[in-house]
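Hello,

I am passing on the structure we talked about. My notes on it follow below.

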Amino acid sequence: MKTGAFKFSGVHYRKPLAYRGREHEHARPFFPVLKEAGAYVRSRRWKETCLFLVVLLLAFSVSLLACAHGDRREEQEPLADEVEEEYVSTPPIPRAPAPEPIRKPQEEPGTMLEPIEDDDALDVPEPPKVEVEVSPAARSAFEAGVRAAGEGDWEVSMQRFEEAVRLDSDLAWGWYNLGVARERSGDPAGAMGAWREALDLDSSFAPAAVNIARAMVRQGRAREAERMLRERIEEHPEILDLRNELGRVLIAQGTPAKLEGAFREARQVLASDERNVGALLVLGQVFVEKGQLELAEWVIERVLALDPNNSVAHQMLGFLQLDRGERREAFGSFRQAALSAGEYAEMYVNYGALLNQAQDFDAAIENLEKAVSYSPRMVEARLNLGNAYRGAGRYQEALAEYEQVRNLDPSNADAVLNMALIYLDASLPRMETLERLRRAEELLASYARMGGGDERFSDFVRDVERAIDVEERRVEREALREAEEVERARAEAREEAERRAQEEEARRAAREEERRAEAERARREAEEAFRARRASEAEGSRLGEDDEEEEEEEDDNGEGDGEVEAGTRLEDEPASREAGTRLGGDE
């Protein structure tokens, strides 16, 4: 069963909008008119010809005026037939703009920037440079926070920056970096609160305003971000980074009017600084959105000439190359974008998505884990990381990432589909096969209710239904086999019990027979003893009778012999005494 397809998701730019150029309808009616004028000349009707030429010149003059007016209107409203609302321009950039009091931030959102040093400030006579005193304890806590951030320990970094702003609540850079640490720790609301504190301390703190705007866009609050940036630009029209970020926010909204506004903002910045990379990137993205890809590539090449390591430019070039089918070149561009991305999570996400498609899952995991560490609440990062884990066979980790996606975005159908495919295809520990397939069936049903439109969905449903049917049959056969084995075991047990009972009965019978034989033997011995005793008694009785007869005879004879015996005994007594005396002397 081959159902291991992935549902990839990258941070792609919006599809190019259809751009309809105006056609000069006023030029078409003149062709038949010129044909008629030629007919007048050929017929030598000079009066009519002259009159006709005068009218023609007047009409041509009106046409030229209409063309000029149309061109000016075209320049002002190039998307007039698509514009939904009129774009309100921001205040013009001052001719002699005041320098920004901080260094220009990098392109990545939430970048951890070092505190401004004295030699970084611009040498401007007016207004005078203001030194900010920072207590040693606050500076020590701040530096500890920067070190912890560099090691990727955002929890400790957040604690150190909180300590720094507690010791010195006027430390704008401390509030800014605290916001970055909170964002990395998955607390976007706390991050925005810290950045607002930085803006309250210094209304010209452009990095804080830029990060707030980007956080709002990620939360789907692009209009609110636009209003916030406009307020900042009204207050500080000289800060070009605010205008560039406004252009990006307008592009994110995607309507023709917003695209026109982004184009105007970029053109206004470039009029002040023709080498401004941020404005060029906004301009290039506008061309991409309008489908003017050749112009977009020209702008990107100019950006890379000014900043060869610009990750945004490399990524935009990669998308253009993908559109042209130049996959190998696009892969190289996305790789370069990731190498120079710094903490720009989107670059790692897009490169990771391509690595997933190339089935280089280990490299994809490496890049996408970076993206998640820099932006824990970015849905695309976690979705693609789940895909990479799934491709590498790390199913439990993949399911955990998909669950995170569902927590961040309950309407995300791709995460539900990918979870269903894991339960459909993978063997999971401590989970029975039928239970796993039932779970896949439930998730596919949820995907359908969410309106998922994957073209392979019907195949997945058939696969899971077939797998459940096969597994149910297997379970049924297994149950029957187990029942048969149980019955066979019971029969064997009964037979064994009967055999043992028979053996026991035989042993009991043998013992009973032995007891009977012993009793019979004892009886016989008793009878023999009795008969012997009777015989002995009879013999004794007979002998007794004989003795009595002898005694009677002796009695009869004894009376005559008594006297003789008595004399004899008297005669023997002296001899006996003599013998006794002799024996005693011998001793």
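Over which ring does the charged end of Lys-290 sit? That ring belongs to Phe-263, and the charged end is 5.0 Å from its centre. Keep in mind that the model is predicted. A second case of this kind involves Arg-184, whose charged end sits over the ring of Trp-154 at 5.7 Å from the centre.

Next, helix H15. This helix runs over residues 345–357 and reaches 19 Å from its first C-alpha to its last, close to the 18 Å expected. Of its 13 residues, 12 are buried, including Met-347, Tyr-351 and Leu-355. The cover over these buried residues includes helices H7 (206–218), H13 (311–323), H14 (327–339), H16 (361–374) and H17 (379–391). Just after H15, Gln-359 has a positive phi of about 60 degrees.

Then the aromatic rings, for which the count is nine pairs. One of them joins Tyr-348 and Tyr-374: the ring centres are 5.9 Å apart and the planes are at 35 degrees, so the pair is tilted. Tyr-348 is in H15 and Tyr-374 in H16, 26 residues apart, and the pair links distant parts of the chain. Tyr-348 is buried at a relative accessible area of 5%; Tyr-374, at 19%, is buried because the cut-off is under 20%.

Tyr-447 and Phe-457 also make a tilted pair, with 5.4 Å between centres and 40 degrees between planes. Tyr-447 lies in helix H20 (433–449) and Phe-457 in helix H21 (457–586), so this pair ties together parts 10 residues apart in sequence. Both residues, Tyr-447 and Phe-457, are buried. Elsewhere, ring pairs link Trp-173, Tyr-176 and Phe-205 into a cluster.

Regards

Methods
Residues are numbered from 1 along each chain as its sequence is written. This is a predicted model: local features need pLDDT of at least 70, side-chain atom pairs count only at pLDDT 80 or more; totals for chains, interfaces and linings use all residues. Side-chain values use heavy atoms; hydrogens and water are left out. Helices (H or I, at least four residues) and strands (E, at least two) are DSSP runs, numbered from the N terminus. The expected span of a helix is 1.5 Å times one less than its number of residues. Buried means under 20% relative accessible area, exposed over 50%, partly exposed in between (1.4 Å probe, protein chains only). Contact means heavy atoms within 4.5 Å. Rings of Phe, Tyr and Trp (its six-membered ring) pair if their centres lie within 6.5 Å; planes under 30 degrees apart count as stacked, over 60 as edge-to-face and the rest as tilted. A charge sits over a ring if NZ of Lys or CZ of Arg is within 6 Å of the ring centre and within 35 degrees of the ring normal.
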